[in-house]
Amino acid sequence: MNLKTLLFAGGALLSGTAASAGGYQVTLAGQKNNGMGGVGVGLSLDQAAMFYNPGALAMVKERGVQLGVNATLARQAFRAENGGTQRELQNTTTTPLNFYAGFGPAEGKFRAGIAVYTPFGSKLQYADAWEGRFALTQIDLKSIYVQPTFSYAITEQLSVGAGLMILALGSVNLQRDIPAQNAEGKFASIELDGKAERKLGFNAGVFFKPSSMLSVGISYRSKIDAVVNDGDVTFTNLSNTATPAFQATKFKATLPLPATTSIGLGIMPTEKLTFGFDVNYVQWSAYRNLEFQFNAPVNGATSSTSKRYYQDAVTLRLGGQYQVTDGLTVRAGGAYDNSPVKDGYVTPETPDADRITGTIGASYKFGENFSLDFSTQFVSLKKRTVTQQELLDNNTTDRVAGTYKTQVIVPGVGLNYTF
Amino acid sequence: MNKSLLKNTLPALALLGLASCQPDLDAPAIEKGSADFSSYVAVGNSLTAGFQSGGLANSGINNSYPAILSRQFALAGGGGFVLPLFPDDRKDGSGYLKFFGLTSTGSPILLSPGQSTTVIPAGETAPRTITNNPATYQLAYTGNRLPAPPFGSGALELAPSFNPQPDNLGVPGISVLSADATAAIAVNPAFPVPVATLNGAARGYGNLNNYYQRILPAADRGTKDYVTFIGQKTPTFFTCWMGNNDVLTYATNGAVLDLANPFSGMTDTTSFGRGYRNIMRTISKNGTVAGAAANIPNVVNVPFFTSVRLADVIANFQRVNPAITTIFIREGSSTTARAATANDLFLLTAQAQFATGAGTSPTNPLPSQFVLDPAEATAIQTRTNQLNTIIARTARQNKVPLVDMNGFFNSIALRGLTINAATNNATLIRGNLFSLDGVHPTSRGYAVIANEFIRVINSNYSASIPQVNPNDYDAVLFP
């Protein structure tokens, strides 16, 4: 498959929802991993090792091409602090994809490959006229990394690897209403739409498998600042009288895509049974403020700053797989995500909370080279309340006081061709 | 397990999950606590009536804070609440100001029905005449007039309330002094109107004030004061927001007495105390009926007194004549003009005076009734605080909680009020909370007031009445 074709054809689809991991992370990079609670740093399951731990790629037996697609089905309930009806998201299903191609000599010590995945993203469309409309009506945040990867087995037990992460496609679309009514009583709205500049980062990992029953891994993904320099600002329903205060046509903004450090453990009590345990540490504290610079005033100001004050967050993952027959493997797992969003700082664009995830999955092999993966994640975010008093205390009244409850289901399917 | 089993179970599992995926948050419990909202009555002035942009119309009446409160009370066992609406074909009532955009210098173009002005609109270069066509209004004037002085004010009669026996008894313009025919006992040295004249005017207030006239049975117009009128009601819950006009009428006239209006002075504390206690005892049935009483916001915080700034006035004059660096005003009883300072508060109505060239020379000063000097502003604030002391004490004596609107609006003037990410403050038009007259709230402002009442009622009566989302109520609409 032509990579460029895939990027542009699939570009519109490649986004996550505010759901698959803490903050605006999307950790749906491998369909087998998705069925096992998202573990993978201490394992060498398949080509998706390029994402989880490039050091493990050299230990993946097969070479091959694999494509995965997921559907994130998010449902949310929101109630404003001052009462009112329950608000529910307009259904916005996203379909994050992942694609891997791994090459190398059959018996050689190295593997090379290319990975395409969606590490961050968020898509939410709130109910019409919901209480938080002046903070956000909808967001669509996308990122696609393309990652050439190389991995080398120093010994039979120890391998290392690294990838060059290219932020190949990044885009943001934010919309909110403006509390200025036109003659018909309609509120104006603003849309910020921009593409991120191409940026580079890297990932690297070490994989150590001292015995057939035990493996450990450590990996690191660097931070990339997604920078939008020439985003478009569009106003609608703005009355003539209000127009002079809303003249911006362009915006600049920077969104950090934070660094992640992971360690993982694999335990293989038998040839057919595998357990994995991962810990991810995401340096969300890089996200202090969301700042926009405008080329002309928006309600009289040429810049805006909104506090985020994220804190570093840890995710714990546990999963296992069992080979039932020659063709069939079944999987299960779970994860616990610590939210990077502090109390009193919850925003509609990332209505985050600690989350518990349960996963199931299976693979079926058709013949020697071809197999299908299925996975489903059930993600439950804890009820999260932000009070008006907290917003006042933190000077974060640019968002809405209320309670969010979100649940997500992420079914996915993967195709593997190995050679 | 085989392939077809796999095929069948996985989608089924996914569907099972999907069906149960939409989370639900329980609606907060609604409790009336120790209050009984089955029969709610609102007592007050223009703020209670729903007056907006210099007039009373059905749109304002429907969004008055008592109307909003009654709809929230209805969620907690509240009964019907009769609004004194105008008939549908006269829905625009007294008429109101409309906003025709900004001038080239950024001043709002605000016109009452039939009014014209010649200005350079924003974005244009030549002056032109803008007229507020009265045919766009469905006014409620009957064509009759109230009795001429000395028996009445001669004001245009308004169509009576479409609904007899309304529960929102707000009367625009009414003060404590004009509400009680027994309030005045001593002559106010600052404004020597005989006691008998004051009390007589309060008794015949239905012939003076067409907003009182329209909710009063015709037979009672010359004989029934407001205290007696509200005493005919038997509410289970009431709100009372009175006293504003005991200082505001004087303040909005630039601290100049209007000899044609016996109630145009600041009410003295003795008369106010008698009147206010009578009102409160009457509507609370001597403290046996639950309710809430609001006090008087600091009147000089409203945009009517803060929108026209000296520096802007000078800058506007200088566009035509750069030599103008001083604005001249005549203050109080002084016969000579003096230069205005940044501490003098120009009234919103001074804008039209400046447009005619007033203030540009000592021989053509801005007249006193368009400006409050610091001494006048201080005197008004001092009296407001004295009256608020009486209100707080009287509320306590009648066992009803105080809604501190003075503190609430001071906070808004100082810090603004951000609700659900919409920023509001006390500026004219763009502040969202004040309507085009600079004194009365917008529907959004009334929603904010209703929420403050609800907050106090909830905490005092152990109730949990849900607040409203003020952003669902209109602020100033921009043409």
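What share of the contacts in chain B with a separation of 6 or more is accounted for by residues 24 or more positions apart? Such residues account for 70% of these contacts, two residues being in contact if their C-beta atoms, placed from the backbone, lie within 7 Å. The structure is a predicted model, in which local features need pLDDT of at least 70, side-chain atom pairs count only at pLDDT 80 or more, and totals for chains, interfaces and linings use all residues. Residues are numbered from 1 along each chain as its sequence is written, while chains are lettered from A and ligands numbered from 1 in the order in which they are written.

Chain B contains 16 helices and 17 strands; helices (H or I, at least four residues) and strands (E, at least two) are DSSP runs, numbered from the N terminus. The radius of gyration of chain B is 25 Å, close to the 23 Å that the globule rule gives for 479 residues, so chain B is as compact as a globular protein of that length. This radius is taken over C-alpha atoms, and the rule is 2.2 Å times the number of residues to the power 0.38. The C-alpha trace of chain B spans about 105 × 60 × 40 Å along its principal axes.

Between the chains, 42 residues of chain A are in contact with 30 residues of chain B. Elements of chain A that give two or more residues to this side include β2 (73-80), β8 (158-182) and β23 (402-418). Strand β8(A) runs parallel to β17 (residues 477-478) of chain B, joined by two bridges; strands pair if DSSP finds at least two bridges between them. A:Gln181 stands opposite B:Leu477 in β17(B).
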